[in-house]
Amino acid sequence: MLRLLTIEFYKLKHSRSSKVLSIAYFVILSFIALIASIEFNIGDIQVRIADQGIFNFPFIWHFNTWIAATLKFFLAIVIVSMISNEYSNRTLKQNLIDGLSKKEFILSKFYTVVAFSLLSTLFILIMTLILGYSFSDYTEFSIVTREMEFLFAYFLKLVGFFSFCLFLGVLVKRSAFALGFLFVWWIFENITYGILRWKISENLADAVVQFFPLESMKNLINLPFQRLSFIETAANQLQADIAIDYAVHWYEVAIVSVWVFIFIYGSYALLKKRDL
Amino acid sequence: MYVNSKNTLLETILTLNNLTKHYGRVKAVNDLSFTIEKGNVYGILGPNGSGKSTTLGMVLNVVNATSGDFKWFDGSDTTHNALKKVGAIIERPNFYPYMTAAQNLKLVCTIKGIDPSKIEEKLETVHLLDRKDSKFSTFSLGMKQRLAIASALLNDPEILILDEPTNGLDPQGIHQIREIIKKIASGGTTILLASHLLDEVEKVCSHVVIIRKGVKLYAGPVDELNASHGFFELRCEKHQELLQALEAHPDFASLKDENGLVTAFLKNPLSAEALNSYLFEKGIILSHLVMRKESLEEQFLQLTAKLN
């Protein structure tokens with residue numbers, strides 16, 4: 001496993017575009033901290049985001065992982081191009097001739113996906129602890145460690161998304177088309193949801209679409225803004241019911257895990273079947 | 001490795017059994033069987049599109065066989081592990097364009113699981129040592145091809161497989177590659193060379209496998225390719241008498257007369273001395289006498305023509 005990771009990181013290390021994109025990704029991730037400095041005015045009231053409870057433990061786990069997950073597209077480009085470059089440079093063929101098996105090839109890419117996700121999760125862990133201890137109203141250990149399952153959800157969400165990218169890279173062989181396909185697929189999921197909801201019912205639409213890859217990854221970490229104290233207060237005053245189930249459920253984890261398996265095994269099956 | 005009649009050890013490197021590949025309705029390779037033994041230099045001959053590259057692709061794990069099988073060495077290891085002991089370049093050189101020559105070779109070492117200490121030595125073999133820190137994308141085709149050979153040699157392979165190594169090169173490049181191949185062959189490395197250039201194969205190979213349209217026509221030593229005994233090229237003053245004398249001789253199969261140069265094809269072995277003294281006794285004194293074997297090209301054309 002270490003050998004395969006070494007091989008893949010060696011390839012990435014010498015590729016300038018991959019290096020620039022990866023570094024850009026982590027730099028932008030750290031910009032989440034800048035949210036703390038956002039201030040704006042609503043009428044006469046000055047609002048400072050950091051004071052609105054977004055950096056409070058345990059909510060900060062939910063908030064940071066959700067924000068960070070939106071930036072995953074940077075790494076998606078790296079993942080897709082690391083597959084498609086092997087095709088366009090025909091180095092995939094040379095790797096196989098040199099004695100790498102097709103299984104090892106896919107595994108080396110998958111380990112890289114896991115390594116990137118792990119690195120990103122670790123980054124978020126450290127950043128959240130720093131931000132939390134600086135701004136949170138509560139810093140008791142029992143509260144800090146509550147809801148840390150969002151960190152696991154974040155990790156799985158990244159692995160799932162990157163596995164999807166990896167699969168598309170193998171399937172389409174060209175990075176631009178693979179990313180285009182990803183976008184088309186996203187539209188497809190949304191249209192399916194819209195049609196089901198319109199023609200049948202919202203319950204059925206939710207029930208069906210939760211099994212789709214992108215939607216299942218999205219469900220791992222739901223939109224966190226309804227949990228913000230000022231919105232909750234406002235909702236209570238308006239007597240609106242915005243109770244949303246934001247927890248990480250086992251079945252959401254299960255659905256994404258199954259997709260990861262399907263994408264990785266599918267990539268292997270595709271590669272095995274192909275003549276290069 | 002298997003023991004042949006209990007005293008000779010024949011080390012088999014590659015065995016093909018009825019290997020077949022169909023692309024849709026096209027039969028690229030059809031029921032191909034042959035073995036490669038250690039120490040010989042093999043040429044795979046065949047016109048363009050005869051299935052040479054497909055065959056090599058199958059044994060190198062990049063093309064899936066439709067039916068039949070092959071085994072590397074004694075067949076006890078998986079194909080991809082066996083390939084770590086093989087050096088191969090097929091079609092055109094494939095490397096990472098953004099890495100330098102040395103970086104690319106280091107990656108190959110990691111994949112093959114070998115020590116990177118030989119990189120400089122192998123770059124020296126192909127005269128690329130002074131360009132080791134240049135990016136692959138800056139190389140000319142000839143340099144790329146030489147880097148590919150260096151890469152294939154990194155593990156001191158049991159067998160070196162070369163598919164059209166001089167394709168697309170200029171005469172200098174072709175010459176350089178040939179010199180390198182000859183040097184490697186003289187070191188005792190088993191080589192499998194696929195080419196449609198016959199003089200290339202003739203210059204280095206001891207054995208040939210001839211394929212046409214995916215079917216094997218011949219596999220064996222170059223010398224036994226054709227049962228012919230060669231031919232004489234003769235010229236003399238007494239042209240008519242020469243022709244009569246040759247027609248009367250029992251060892252000749254046919255004669256060809258072109259601008260006073262007589263070409264006489266043998267059907268039985270006959271030495272140049274014997275012919276010279278036979279003609280001298282008949283009072284014919286030659287001004288030109290050359291005994292030749294058919295070139296591989298002539299033999300190849302004869303062999304492939306038979307099937308048309």
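1. A pocket, as used here, is an open set of grid points with protein on both sides within 12 Å along at least five of seven lines, and its lining residues have an atom within 4 Å of a point. The model under discussion is predicted.

2. The largest pocket is lined by 35 residues. Leu214(A), Glu215(A), Lys218(A), Asn219(A) and Asn222(A) are the ones that lie nearest its centre. The volume of this pocket is about 1100 Å³.

3. Helices of chain A contribute to that lining: α3 (59-69), α8 (149-172), α9 (175-199), α10 (202-209), α11 (213-220) and α13 (250-273) each supply at least two residues. The largest share comes from α9(A), with 7 residues.

4. By residue class, the lining of the largest pocket holds 18 nonpolar, 8 polar and 9 charged residues.

5. The second largest pocket has a volume of about 220 Å³. Its lining has 15 residues, and those closest to the centre come from both chains: Lys102(A) and Lys272(A), together with Asn61(B), Asn64(B) and Thr79(B).

6. Two or more residues of the lining of the second largest pocket come from each of α6 (102-135) and α13 of chain A and β6 (67-72) of chain B. Of these elements, β6(B) gives the most, with 3 residues. Helix α13 of chain A also supplies at least two residues to the lining of the largest pocket.

7. The lining of the second largest pocket divides into 6 nonpolar, 5 polar and 4 charged residues.

Conventions. Residues numbered from 1 in each chain as written. Chains lettered and ligands numbered in written order. Predicted model: local features only at pLDDT ≥ 70, side-chain atom pairs only at ≥ 80, totals over all residues. Heavy atoms only, no water. 1 Å grid on protein atoms, 1.4 Å probe; cavity = no way out; pocket = protein on both sides within 12 Å on 5 of 7 lines; lining within 4 Å. Points joined across faces, edges and corners; volume = space filled by probe spheres on them. Helix = DSSP H or I, 4+ residues; strand = E, 2+ residues; numbered from the N terminus. Nonpolar A, V, L, I, M, F, W, Y, C, P; charged D, E, K, R; others polar.
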